[in-house]
Amino acid sequence: MGKPKNKDRYKKGGVMAYKDMGYWQPDYEPKPTDLIAMFRITPQDGVDSIEAAAAVAGESSTATWTICWTDRLTANDKYQAKAYRVDPVPNSPGEFFSYIAYDIDLFEPGSIANLTASIIGNVFGFKPLKALRLEDMYFPVAYVKTFAGPPTGIVVERERLDKFGRPLLGATVKPKLGLSGRSYGRVVYEGLKGGLDFTKDDENINSQPFMHWRERFLYVMEAVNRAQAMSGEIKGHYLNVTAATMEDMYERAEFAKSLGSTIVMIDLVIGYTAIQSMSKWCRDNDMILHLHRAGHSTYTRLRSHGVSFRVICKWMRLAGVDHIHAGTVVGKLEGDPRTTAGYYDILREDFVPMKLENGVFFDQHWASLNKVMPVASGGIHAGQMHQLITLLGEDVVLQFGGGTIGHPSGIEAGATANRVALEAMIFARNEGRDLMAEGPEILKNAAKFCTPLKTALELWKDVTFNYTSTDAPDFVPSSTPS
Amino acid sequence: MKITQGTFSFLPDLTDEQITKQIQYCIDNDWAVGIEFTNDPHPRNTYWEMWDLPMFDIRDAAGILYELNACRKVYGDNHYIRLSAFDNTHGWESIKLSFIVNRPKVEDPGFRLVRQEVDGRSIRYTTQAYSTDKPSSERYRD
Amino acid sequence: MSEIKSFNLQKAFEASGVKEVLDELDRDLIGLLPVKTRIHETASLLLVNKAREELNLSKIQPSLHMSFTGNPGTGKTTVAMRMAKLLYRLGYVRKGHLVLVTRDDLVGQYIGHTAPKTKEILKKAMGGVLFIDEAYYLYRPENERDYGQEVIEILLQVMEDHRDDLVVILAGYADKMDKFFSSNPGFRSRVAHHIDFPDYSDDELFEIAIKMLKEQNYVLGDNAVTILKEYIAKRREQPHFANARSIRNGLDRAILRQANRLFNKGDVELNAKDLSEIDYEDFALSRVLKSKPPTQP
Ligand SMILES: Nc1ncnc2c1ncn2[C@@H]1O[C@H](COP(=O)(O)OP(=O)(O)O)[C@@H](O)[C@H]1O
């Protein structure tokens, strides 16, 4: 294709016509090694959707606003991203889904920082667009294989913990802030002794005036070991090693290891490179890595702008975390059931087929990359156990914070109530019972031999969070032909 | 104390009828069920003794229960017995469900937590089962 | 207290799918009238027993172990498979599969080998039917140390203690089975149902042959009717005659010869009829008929 001359400049915006520069190729068939990004674009009034898609392709790969002679020194055709398909979004006038293919050579192997600098580095502030959202990405196996993935994975985590066949049970220590190390450890001990598998630091528990991180680590590990001896069962606490610098994080992680912790925790806000560094450290030190998705809603929640959480899930599986908070559907935080099912599949399956009604736009092969254990937390309680297991399956950590620590008979009672509800529900599921229909009945029967569960069911029976989701899929399930 | 290893330890001890249903669930999923027993319940004691090999190609839970009863006859009084179901599906290839089906007839004396003070305020923790203070042949007997 | 419960046998018969299995049996198997009658009777008995259970008139699980006696190829295995299905539909076994074994599958090679081997098989059969072909070979009185005795002991135990877990069918020649029962009274008392399988007549075997061909989408050519009948009569005279099984083997060879014949025709177009018809020549070359020159059609 001939290069456009200066006089072909786009008249109004002062921008080159990207679609004429090779960034729009409707006949392009993505190569098996191409990466594909699917954006939701909302062009400014008067901007053509195809030109907008081409612009996104250009700005996220080789283009700048004008022609540079230095392009001629490169195999430019290869490095140009190609928008090859633009579809109007169902029921959303002015929005378009655009598919853009990127050559694998555009990316450094095994680097999320490099990947994201390319794909979301520049384009999100691009003027001709009102809004832009990265909905989904496809990664060829050749690219997936450049990542080590989760250091532990679901299967090995279960083997190490000797816990099979049921969701793991956790709780976040409350109150989030203000407890001394010694008091903090008390909450951990009571919860674990009562039947939790894990307790958890919250995202903003680091090292503050009320509790230095070493105090927390020391008391928590006393609690973990004591609870382990009291139950004969392996226990853990996600020690949050998030800190200001990598040096500090490594120091905290090393200390956690020296105390015998099985798991450490980081926050998403530490950044992709820090996450990958911690993943590498965990792999070298037999440690499970828990990721709290702190801050994600700033860019994942809005439907028209930002990055979908399903893309974050994919990036995090590549980057290599063992746990990630991925929604509860029924709890207090955002989460449409189908969209959430899409996240869970992405994290847990080896092959994830395209499923538009779940917001999954591509078939994705993970090439045996370890699986990530999703964590469901935020406003859930024992009375929802049948819904949680039906919606989320068994390879998930269920975290009941308030639902454990807020139990009127104490933390231990709260933990026991949740554990009994959990085991009774899995037991009934295995027996072939219909959880959604019989769930409340199953819980009631279990409560007959477990007073704490009885108390919990009565106390929280009416607590639900029914708000309309802001991130529901654009496609409704089509009735399957029989 | 009651050791809470295994999937269903917070429920009342299972009846044979309940065990049968859980076994059938495993068999229907094409998992091989194995019987294992121990008198050393340390949480890191991974390898309990196998009562023969995990059982493949069984169609009905009665086949497994038949062996479980044979195992109980020999070890039931003073050992823990658990059933573990193995899934050979690619990407899992490990245990899918594991639950205790028999506990020693005498109360478990539990675990001792040994603390060794090391540098700073750090402590090295060691968990020891009181039952293993005795030789194997004398454990869980009055 | 006096809630009059009732039970509609006919409805249960149809709803359970028992009728379907019996109809299939009648339809798919040629001849075997006495066997079919006995199976109908057994089905009725078991259905009535279920009804009595429902109305609390009966509590005991009836003994369902059986013996199938008759010469080879008389349909014992085939009927056992139907029986497993029938017992499943009637609710007397939980899965309805059939595990087929002979002495070699049960008896071990060295001390300590037999019990696990036998138990392995028993566990696999639980929920279904264990079919032991030529069961009498388990008993070898001439050898005191024979491991078969160990199998017998385990088997008797399981047949008694696990009545609701599996049904055992012992199969073999009638005379040998009689001898076996008389020297092993334990089995005699545990086996409640004896079914005898008569040899097939020539006409029945002919009919079976036609059916077997049809199952594989073959037809018998008009010119082959006489020779097939002759083949059957001759085959019966041969040593190791095994009723329907010998017919199946004979047909397999005829099909092979047909393929050869068609191939040797060389470069010609063949239609569906050519490809499915078994002709005079496909039997004529049979070793069975070789003893004297074949009759021309
Ligand atoms: N009555 C019958 N009608 C049709 N096919 C039959 C009949 N009896 C036996 N067969 C066929 O003959 C073969 C041998 O029968 P089988 O049941 O194995 O006999 P057995 O167990 O008595 O040796 C099988 O292929 C079976 O399908």
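Q: How many residues of chain A are in contact with chain B?
A: This is a predicted model in which local features need pLDDT of at least 70, side-chain atom pairs count only at pLDDT 80 or more, and totals for chains, interfaces and linings use all residues, while side-chain values use heavy atoms, with hydrogens and water left out. Residues are numbered from 1 along each chain as its sequence is written, and chains are lettered from A and ligands numbered from 1 in the order in which they are written. With contact taken as heavy atoms within 4.5 Å, chain B contributes 38 residues, and the number contributed by chain A is 44.

Q: How much area is buried between chain A and chain B?
A: The size of an interface is often given as the accessible area lost when the parts come together. Buried area is here the accessible area (1.4 Å probe) that two parts lose on being put together, summed over both. For chain A and chain B, carbon and sulfur atoms give 54% of the buried area, and the total is about 3500 Å².

Q: Which residue of chain A forms a salt bridge with Arg121(B)?
A: A salt bridge is counted when a side-chain nitrogen of Lys or Arg lies within 4 Å of a carboxyl oxygen of Asp or Glu, and the count between chain A and chain B is two. In the one that involves Arg121(B), the closest N and O atoms are 2.6 Å apart, and the partner is Glu215(A).

Q: Which pair of chains has the most contacts?
A: Two pairs of chains touch, but no contact joins chain A and chain C, whose closest C-alpha atoms lie 16 Å apart. Of the pairs that touch, the one with the most contacts is chains A and B.

Q: Which residues of chain C lose the most area to chain B?
A: In this interface, 13 residues of chain C are in contact with 12 residues of chain B, and the two chains bury about 1100 Å² between them, with 58% of it on carbon and sulfur atoms. Three residues together account for 50% of what the side of chain C buries, and they are Lys95(C), Lys123(C) and Lys124(C).

Q: How do the residues in the contact of α15(A) with α1(B) divide by class?
A: The axes (lines fitted to C-alpha atoms, for helices over the stretch in contact, with angles from 0 to 180 degrees between N-to-C directions) of α15(A) and α1(B), residues 16–28, come within 9 Å and cross at roughly 65°. Since angles of 65 to 115 degrees count as roughly perpendicular, under 35 as roughly parallel, over 145 as roughly antiparallel and the rest as oblique, α15(A) is therefore roughly perpendicular to α1(B). Phe427(A), Arg429(A) and Asn430(A) of α15(A) meet Gln18(B), Lys21(B), Gln22(B) and Tyr25(B) of α1(B). With Ala, Val, Leu, Ile, Met, Phe, Trp, Tyr, Cys and Pro as nonpolar, Asp, Glu, Lys and Arg as charged, and the others, Gly among them, as polar, the division is two nonpolar, three polar and two charged.

Q: Which residues of α13(A) make the contact with α15(A)?
A: Helix α13(A) (residues 385–392) and helix α15(A) (residues 411–430) pack at an angle of about 55°, with their axes 9 Å apart, and they are therefore oblique to each other. From α15(A), the contact takes Asn418(A), Ala421(A), Leu422(A), Met425(A), Ile426(A) and Arg429(A), and from α13(A) it takes Met385(A), His386(A) and Ile389(A).

Q: In which strand of chain A is Arg40(A), the partner of Glu135(A)?
A: Helices (H or I, at least four residues) and strands (E, at least two) are DSSP runs, numbered from the N terminus. Glu135(A) and Arg40(A) form a salt bridge whose closest N and O atoms are 2.8 Å apart. This pair links distant parts of the chain, 95 residues apart, with Glu135(A) in strand β4 (residues 129–138) and Arg40(A) in strand β1 (residues 35–43).
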